[in-house]
Amino acid sequence: MVLHNERVTARLGKDLAEKGVLSQSSMKTALAALRRFVVLLSAQGNCRVITVATAATRDAGNGARFLQQVADLGLNPRQISGEEEARLSASGVIGAFPGAQGVVADLGGGSLELVRIKNGSCKRAVTLPLGTLRLPALLEGGQSKFSKRVSKTIADSGWQVKADEPIYLVGGTFRAIARYMMFQAGSPFDDPHGFEASPRDTLLACRRLCRSATPPAVPGVSLSRLAGVAAAAALLAALIRSTKSSRIIFSAWGLREGLLVDGFTAKVRQLDPLTEGVDAFVESMGVDCQLVDRVLDWIAPLTADAGTSPLLRASVALSLAARKIEPNLRACTVLDWALHKRWIGIDGPQRAMLAACLVAASNRALPAAVAEIAPVVKLAEAIGWGLAVRLCIRLTSLAPELVEASALVPAEGKLSLRLTERAAPLATEPVLRDLKQLADHFELVIATVES
């Protein structure tokens, strides 16, 4: 849960390549921001503060002196090594993508970190002097020389990427490239976290960005960030060519989140991030997660993976939370939840399935642009979840005792609705209409409404 998120671009490493020191103006900007942060933090009361310094202060001749000025503010900064910086960024990716295997490439202002992740841990890390603030000087010799230099830098480090390994890209400038690609493709999503692209499509986008005379206008990306996109695109293109990676995946989680993930207990590490995130969200709206479990059990006869799918559970939980939304706002709100809210542990096709379930439960149609994201069979599965949840809501108004007093029974091509004697009066015409729609979706025939 994010309580406050604030960022100041101080460009501490802008003079490193040429002068080897932090500039006075950058240090002044950074210290002014940190003084503000100290006041904000002190007003929050007792809280744990983690302050780390990365490549710029690590490589600058006056880095230690600057960190002493930071310490004088009461922030106790910790200078981390290049290897530790890479490992922490990888920890953020591991937390954001359960089961992630491949290579993490974290692009910061002063350096590019590469680290291999496998089975929830980091296997090898290296830091390279290829940060965004160093790239313009490296590009002065032209794209061809730059690409060769990047390849040589990677090769000299002894780093190798296997052809079948995906690359997880971390850093604000990489995410700006993802937003550009999404915008150009007319994607219904606007959160770059989890966005996946083929190496070919990514190279084409990088080529367009490198050839553009002026930075493109991209919704949600600041002008200061766009100014460095072309150089980062040149680096990304060289990285893809030299590593021959199979998949490109963008991550919003990196070093900052990795610092938190590093402190997780083994038990917490085993939790599913989508389930935990959705449960916390719906509980804040007054939805009892035990009720979510009851409804999951109720629709289980029509689902193949009831109780085992985080996506199914999230879809049901959010469908119940949608009842808390004013009816005339419900359709657009649930689509915002599915398409735009940052959920961790979910990809684009799964977001489309989530949207399909939520709009079906709200008796709305899925937008065509979203329907193109996931396979038809998967969308049909999710729509089935939504129709089943809608019937449960219509029948029981989600009163726990009424959910327990009713059951769906599919058998031999037929669908029965079983009710206790007390619940029998619930089977009114609107309920039967929803029951028929559900049966039709699963190509079943309504057998009986039994009591």
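How many aromatic pairs does the count come to? The count comes to four aromatic pairs, where rings of Phe, Tyr and Trp (its six-membered ring) pair if their centres lie within 6.5 Å, with planes under 30 degrees apart counted as stacked, over 60 as edge-to-face and the rest as tilted. In one of them, Phe281 and Trp337 have ring centres 5.3 Å apart and planes at 85 degrees, so this pair is edge-to-face. The pair links distant parts of the chain, since Phe281 lies in helix α14 (residues 273-284) and Trp337 in helix α17 (residues 327-339), 56 residues apart; helices here are DSSP runs of H or I with at least four residues, numbered from the N terminus.

This is a predicted model, in which local features need pLDDT of at least 70 and side-chain atom pairs count only at pLDDT 80 or more, while totals for chains, interfaces and linings use all residues. Residues are numbered from 1 along each chain as its sequence is written, and side-chain values use heavy atoms, with hydrogens and water left out.

Ring pairs also join Phe281 and Trp337 with Trp343 into a cluster. Both Phe281 and Trp337 are buried, a word that means under 20% relative accessible area, with exposed over 50% and partly exposed in between (1.4 Å probe, protein chains only).

The structure holds zero disulfides, a disulfide being a pair of cysteine sulfur atoms within 2.5 Å.

Terms used
Helices (H or I, at least four residues) and strands (E, at least two) are DSSP runs, numbered from the N terminus.
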